[in-house]
Amino acid sequence: KMTQQMRDLQLAQARKPPGPSSPNAAKRLYRNLSGKFRVNYTSFDEGSLAGRGEKEKLRKSYLFQSNAALFEAVELQDLDRVRELLKQYSPEELDLNTPNSEGLLPLDIAIMTNNAPIARALLQAGAKESPHFVSLESRSLHLSTLVREAEQRVNELTAQVVNEAPNADCSEKEKQLKAWEWRYRLYKRMKAGFEHARVPDAPTNVHLSVSSSSSVQVTFWEPLSVNSAVVTKYKVEWSCSPTFSPLLGEAVIDKLKNLHFTIQGLVSGTAYYVQVSAYNMKGWGPPQASVPPFAIPSNWREYDGRAPRRRGQAEALDHLLGQVKTVHQHCVCHEPCKNQPQSRKHSVSKSLKHLFHSSSKFLKTLKRGLYLTAIFYKDDNILVTHEDQIPVVEIDDTYSCLLMQDFLWFTKVSCMWDEILWLRQCVTVSQSSCSCILQTRFKMLLAISQMQGLLGIQDLGQVFFEPVKDKQGNILIVTLKEVKTNQTFESVRWVPICKLQTSRKSVSSPEEPTALDMLLISLQDKLAYHQRSSHALSPGLYLGYLKLCSAVDQIRVLVPEQLPNILCHVKIRSNPNISREEWEWLQKMASVDEPVPVETEAETSQNHLFQELQVAIKELMTLVNIPLPEAKDFRLYSQEVLDFGGQVSFLLLLPPSDDVCTAPGQNNPYTPCSGFLTLPLQIFELGEEG
């Protein structure tokens, strides 16, 4: 019956064209196709094709050739060519999981010749084993049949070559004989590989962790043994019993790019045991229990029933802003502005023409005062006016000493670029008070409106964390925005940054450059800061270092230059969740004066977290250049875990309470020397919120 099934399979596959007739022919096809595969179908002259049908036929022809070349590359054990084909074509275009005329798939050939690198490359691309090998017997029978038929064909061709006189037909049969001898050796090698293989060993480093109140995550590595066949899938099983009887569920993992699995839909507070086993062509290997042996789905908030800190805050702020708008919408101060058109209604393309209009109010030179400049950049280009100037507008020509409070107020306004008109109208109400602060802030709103109107763009971007000041009394508030769209605008002038820097004629001396010259000199640094400040951390639990320093008018926070929107940090693990048991252990550790000994041999989540924290603290102290003995009085912030969007969480490491914030003039032993900067605390909070 099994023999009949194999014959039926071969008959079903007989319609597929056979492979090359000789190994030399295979290599020639393989070599020739290497160049042809790089052809871009759209490069053909459309007029040379009779129609869509012929183009589709041509495309299918190339895809068939790519499928044949993949088989040849696997058989010839050419890893580089296999990777090239997998990168160039999709699995569907390669027919990656369609058997050839011998009933084999590329992955079958790779694992039965025990070529682990090629097998892994195929598995990561989504390759499968042949579904026809439903048992060990069926695979063994199929291989024996292939070997026997190849041997029979070799014997027949050998007899014909020996008995026939030399002629053209004999030469062709010699080629066929060499091809079948090569294929006979391949099938024998595959058969021997299958017979000598054994079931895989158990996976290694099977680690279980709590990922939420209703899920646990298991991670693992492949078996250590190199003698068994390539592992093609894994099985995760879970149960409430340490004997795994009964099983609550199981999952087969055949996508091997990342060896982890999250078990969802579990009951909070219930212990779950997990084990993992590996599979190869000889069957399933023994299971490996996880470490720790069980996990209880939970979250640190369950320790004291604490609600998320930010729950409902955004909605409450929106509601509050709506109430304020309602109160002000009937104000007399709004009457003069009712007929003013919204600048956002102007198309960007039309409004950008103001950049080149003769009546443009952009400034070419600075006098003593306060100014606003907007940096719009795309790749290595920057948006400039018709005079090749960065857009600059005046805020106040009598303001020569920018107060930090005014600057920080401006940064908060940058969160409401769309509401500038409304804010300007509201501030007008209080003009009669003649408050110097209100007048300055009203002028800031006017300058923002002017910049938005001239550019035709509402969103001016992110405010750079400090203004640019020169010795002449000029102060520049800088906004930065990256233009990522490919949309082009009529008459817009994009200039390479390097060209703008080299072509600008400075009107100041090198000893006392103006604020504009200082801006151009440091432009790349500011753009780099802007790009880095928008980077996000990968999911996980992090250990952050909180270090502040105070000045007369502000508090600044230490951040890394490469990621200035986040505290100095190192990654503890990829799982961001802190379980209830782990948090309870941290609370106990924080409540005692002397260190609590930990049972290093105990297989618990608390012990694993303790080991992870030890490694993270050493790494963090090295990062911020603090000798480990000096960190003996540091402590973990135990009031809460800082959550950022559910995928990133932080534990904070704090210096001694007297050294968390360094006062002006105070010696600061806990601040690193290079690779870091200090941001105003309010600026850091705005960046973190973003």
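Me: In which helix does D517 lie, and is D517 buried or exposed?

Reply: In this predicted model, D517 belongs to helix α16, which spans residues 515-521. Its relative accessible area is 6%. Buried means under 20%, so D517 counts as buried.

Me: What separation do the C-alpha atoms of D517 and Q501 have?

Reply: These two residues stand 16 residues apart along the chain, and their C-alpha atoms are separated by 8.8 Å.

Me: Which residue caps the N-terminal end of α4?

Reply: The cap is D78, with a side-chain oxygen 3.4 Å from the backbone nitrogen of D80.

Me: Which residues form a nonpolar patch on the surface?

Reply: The patch consists of L317, L320 and V324, which together have about 260 Å² of accessible area. Of these, L320 is placed in helix α10 (residues 313-328). L320 is partly exposed, at a relative accessible area of 47%.

Me: How many disulfides does a search of the whole structure find?

Reply: A disulfide is a covalent bond between the sulfur atoms of two cysteines. The search of the whole structure finds zero. As for individual cysteines, C498 is exposed, with a relative accessible area of 52%, whereas C568 is buried, at 0%.

Notes. Residues numbered from 1 in each chain as written. Predicted model: local features only at pLDDT ≥ 70, side-chain atom pairs only at ≥ 80, totals over all residues. Heavy atoms only, no water. Patch = residues over 30% accessible without salt bridge, like charges linked within 9 Å, V, L, I, M, F, W, Y side chains within 5 Å. Areas by Shrake-Rupley, 256 points an atom, 1.4 Å probe, with all protein chains shown as cover. Salt bridge = Lys/Arg side-chain N within 4 Å of Asp/Glu carboxyl O. Helix = DSSP H or I, 4+ residues; strand = E, 2+ residues; numbered from the N terminus. Buried < 20%, exposed > 50% of the residue type's maximum accessible area, 1.4 Å probe, protein only. Disulfide = S-S within 2.5 Å. Polar contact = N/O pair within 3.5 Å; in protein donor to acceptor, adjacent residues only side chain to side chain.
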